[in-house]
Amino acid sequence: MMATSFVQRYLQYAGVSPAPLEFHRWSAFVAISASVMDRVWVESAGDRLPPNLYVFLVGPSGAGKGVATNTMLRLLTTAGTTRTYSGMLTAQHLCDMLDAKRKQSPQILLVTEELSLSVGDKQLSDRLIRLATALYTCSPYEFSEGTRTHGTVRFSNHCVIWYAGTTQDWMRDSIPRSAIEGGFFARVNCVVYKGAVRRPVRPQLNLTLLPQLANDLQVIRQLNGPLTLSPDADIAYWDWCERRPMPTEALLEPVWMRVPIHVLKIATLLSLSDGPSMVIEKHHISEARRLAEAQLRHLPELI
């Protein structure tokens with residue numbers, strides 16, 4: 001059967017894979033997000049809410065995080081729709097890459113396949129995480145960062161997407177407690193694999209779908225403007241916001257407060273996956289809720 005959405009086609013492209021299905025599903029979301037950046041948005045509380053994501057694939061070593069990453073990067077390289085940086089990362093390096101003096105796009109996809117190897121221990125990662133927390137909103141206003149040794153770096157109209165892989169142990173070693181209490185964790189979509197150890201399988205990508213998927217991303221890259229919620233989607237979203245249970249632990253409160261934002265971002269990507277209608281339908285809200293709430297179930301243990 002012919003897939004009808006970008007995400008469905010992407011999963012067919014991923015084919016037989018040692019990576020869990022959800023790793024590939026969220027990789028498809030990142031591919032859409034990285035192609036459209038902040039050129040589309042949803043109006044939220046008077047501000048523009050673009051569909052940029054911070055996605056962390058969390059699972060044991062050998063769970064397929066690298067396979068999912070390489071599958072996505074192959075497509076993005078073919079499509080040529082986004083500026084991508086993959087490798088070691090510090091706060092100063094990120095600021096330098098966004099610096100207006102470099103005359104490069106301040107819109108970038110960061111790929112850190114192994115989080116602890118890319119950002120270092122808690123002392124090294126603390127400034128990066130604080131910076132990533134500040135940059136998550138994709139503000140159109142100028143951002144300045146200055147040090148005695150590097151001078152002042154300025155940039156505006158930035159949009160940062162962060163895609164990382166990590167084990168739970170590496171996450172504990174790399175992310176300081178202040179990042180959880182300070183709200184960084186509330187901005188991250190943690191896609192957790194808790195399944196049993198599986199036998200290795202030979203990856204079998206369906207490369208015949210690669211040109212079509214690349215063309216899809218090139219079409220998505222040309223979109224510009226606001227997405228609107230259909231009347232049914234608007235009712236469903238706000239009814240859920242008003243009825244959902246309150247958090248049971250204080251540490252979960254920052255995450256609980258931001259889940260509605262995640263739902264709107266995911267619903268935006270689901271709409272773009274279905275086509276360029278620029279309308280979020282009720283079923284997009286329902287599926288976005290399911291995906292966002294699935295992540296919440298793993299957070300108490302992670303925290």
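1. Helices here are DSSP runs of H or I with at least four residues, strands are DSSP runs of E with at least two, and both are numbered from the N terminus. Please keep in mind that this is a predicted model, in which local features need pLDDT of at least 70 and side-chain atom pairs count only at pLDDT 80 or more, while totals for chains, interfaces and linings use all residues. Residues are numbered from 1 along each chain as its sequence is written, and side-chain values use heavy atoms, with hydrogens and water left out.

2. Staying with that space, the structure holds one cavity of 30 Å³ or more, and about 100 Å³ lies in the largest cavity. Its lining has 13 residues, of which Val 188, Val 255, His 262, Ala 292 and Gln 295 are the closest to the centre. Strand 9 (188-192), helix 11 and helix 12 (282-296) each supply at least two lining residues. By type, the lining of the largest cavity divides into ten nonpolar, three polar and no charged residues. (On a 1 Å grid over the protein atoms alone, a cavity is a set of points where a 1.4 Å probe fits but cannot get out; a pocket is an open set with protein on both sides within 12 Å along at least five of seven lines; lining residues have an atom within 4 Å of a point. Grid points are joined across faces, edges and corners, and a volume is the space filled by probe spheres set on the points. Ala, Val, Leu, Ile, Met, Phe, Trp, Tyr, Cys and Pro count as nonpolar, Asp, Glu, Lys and Arg as charged, and the others, Gly among them, as polar.)

3. Now for the largest pocket, which has a volume of about 770 Å³. It is lined by 32 residues, and those closest to its centre are Ser 44, Asp 47, Arg 48, Leu 49 and Pro 50. Strand 1 (40-44), strand 2 (47-49), helix 10 (231-243) and helix 11 each supply at least two lining residues. Helix 11 gives the most to this lining too, with six residues. The pocket lining comprises 18 nonpolar, six polar and eight charged residues.

4. Helix 9 is worth a look for its geometry. (The expected span is 1.5 Å times one less than the number of residues.) Leu 210, Leu 213, Ala 214, Asp 216, Leu 217 and Ile 220 of helix 9 are buried, where buried means under 20% relative accessible area, exposed over 50%, and partly exposed in between, with a 1.4 Å probe and protein chains only. Seen down the axis, the buried residues of helix 9 fall within an arc of 155°, so they line one face of the helix; the arc is that of the directions from the helix axis to the C-beta atoms. These buried residues pack against helix 1 (6-14), helix 2 (21-36), helix 3 (65-79) and helix 11.

5. Helix 1 can be read in the same way. Its buried residues are Phe 6, Val 7, Arg 9, Tyr 10, Tyr 13 and Ala 14. They cover an arc of only 160° around the axis, which puts them on the same side of helix 1. Their packing partners are helix 2, helix 3, helix 9 and helix 11. Gly 15 follows helix 1 and has a positive phi, near 60°.

6. Ser 27 is found in helix 2. Ser 27 is buried, with a relative accessible area of 0%. Leaving aside neighbours within four places in sequence, Ser 27 is in contact (heavy atoms within 4.5 Å) with Tyr 10, Ala 68, Met 72 and Tyr 163.

7. Two residues deserve a backbone check. Lys 103 is not a glycine, yet has a positive phi of about 55°; it sits in the loop between helix 4 (91-98) and strand 5 (107-112) and is exposed, with a relative accessible area of 76%. Met 278 also has a positive phi, near 65°, in a residue other than glycine. Met 278 is in the loop between helix 11 and strand 11 (279-280) and counts as buried at 14% relative accessibility.

8. Lastly, Arg 154 is in strand 7 (residues 151-155) and counts as partly exposed at 43% relative accessibility. Beyond neighbours within four places in sequence, Arg 154 is in contact with Leu 98, Asp 99, Ala 100, Glu 142, Phe 143 and Ser 144.
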